[in-house]
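I opened this model to look up a few points about its strands, its cores and its charged pairs. The entries below follow the order in which I looked.

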Amino acid sequence: MEQSIKILIVEDNVIIADDMQSMLEEIGYEIVDNVIVYEQAVEVLKTQQVDLVLIDIILASDKTGIDLGKHIRENYDIPFIFVTSNSDRATVENAKTVKPNGYLVKPFEQQDLYTSIEIALSNFIYGKQPGNSGVNEGTVNEDVPMSNSILKDSIFVKKQHLYYRIQFGDIQFIKADNVYLEVNTVDKKFLVRSPLKDYLEKLPKNKFYRAHKSYIVNVDHIDAINSKDIMINNTLIPISKDFKEFIISAMNS
């Protein structure tokens, strides 16, 4: 099941914060919380799932947004964007020390906010994949996996104009199709641009196996097996001799 990206807003101007929340929810993002000080943000990060943080540099507390950025860098592997009315050189240089994934200057429009988040997520995801220099342009939606070190139970895929989270357990099988992969879940199919062997490395090794040169399967979803194929959700998938022996051995153990 796909889940909307969960965003934490850290902004001490309540009017601006509420406006940001409305803009983001209208686009399709989910707001985890809307807080005004460093300490509240730390607590939310500790107790809830957060995919991206929007942070005002000047907060209503002794600790600044830059302190929060440092805390995120040291304790979490998620992107954050500074949102500020200060674009002077000193502020920018100070902000750069914690390596934000974006920098948005107030006032801004909904499109500015969306673009900043989109670029931050895309760069953050691709930055985790050696050899990738950016998002490919094409006629299909480019669905991008995020490495296991970031999401232990899921991957990010792109659908239309937003990134979504897909649980590993919902993936039934993956089929190679030219330069793309078809990631099949219970009720949906996503297109991913990636070599099959590279994608396999990003999936849990105790659940996902390369059953055939063109297929990765989630063993939890195998419904039936014969001498040449397995069946998953009424789909026949060819299997190699080694994989058949592995499955039969696992069934008999």
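I began at V183, which stands opposite F190 in strand 11. I took helices (H or I, at least four residues) and strands (E, at least two) as DSSP runs, numbered from the N terminus. The model is a predicted one, in which local features need pLDDT of at least 70 and side-chain atom pairs count only at pLDDT 80 or more, while totals for chains, interfaces and linings use all residues. Residues are numbered from 1 along each chain as its sequence is written, and side-chain values use heavy atoms, with hydrogens and water left out.

Strand 10 and strand 11 (residues 189-193) run antiparallel and are joined by five bridges, two strands being paired if DSSP finds at least two bridges between them.

I then asked how many residues of strand 10 (residues 180-185) are buried. Six of its six residues are, where buried means under 20% relative accessible area, exposed over 50% and partly exposed in between, with a 1.4 Å probe and protein chains only. Y180, E182 and N184 point one way, L181, V183 and T185 point the other way, and all are buried. In a regular strand the side chains alternate between the two faces of the sheet.

I defined a nonpolar core as a set of buried Ala, Val, Leu, Ile, Met, Phe, Trp, Tyr and Cys residues joined through side-chain atoms within 4.5 Å. The largest core has 26 residues, of which I7, L24, Y29, L54 and I117 touch the most other members. Two or more residues of this core come from each of strand 2, helix 1, strand 4 (52-56), strand 5 (80-84), helix 5 and strand 8 (162-167), and helix 5 gives the largest share, six residues. Another core, of 22 residues, lies apart from the largest one and has L8, V10, L68 and A95 among its members.

Which residues of helix 2 are buried? They are Y38, A41, V42, V44 and L45. They cover an arc of only 165° around the axis, so they lie on the same side of helix 2; the arc is that of the directions from the helix axis to the C-beta atoms. Strand 2, strand 3 (30-35), strand 4 and helix 3 (65-75) are included in what covers these buried residues, whereas the face turned away from the buried side carries the exposed residues K46 and T47.

In the one between K106 and E11, the closest N and O atoms are 2.8 Å apart. K106 lies in the loop between strand 6 (102-105) and helix 5 (110-127), and E11 in the loop between strand 2 (6-10) and helix 1 (14-27), so the pair ties together parts that are 95 residues apart in sequence. Both K106 and E11 are buried, and a network of salt bridges links E11, D56 and K106.

K46 also forms a salt bridge, with E43, where the closest N and O atoms are 3.8 Å apart. The two are three residues apart in helix 2 (residues 38-47), and about one helical turn separates them. K46 is exposed at a relative accessible area of 57%, and E43 is partly exposed at 41%.

Notes. Salt bridge = Lys/Arg side-chain N within 4 Å of Asp/Glu carboxyl O. Contact = heavy atoms within 4.5 Å.
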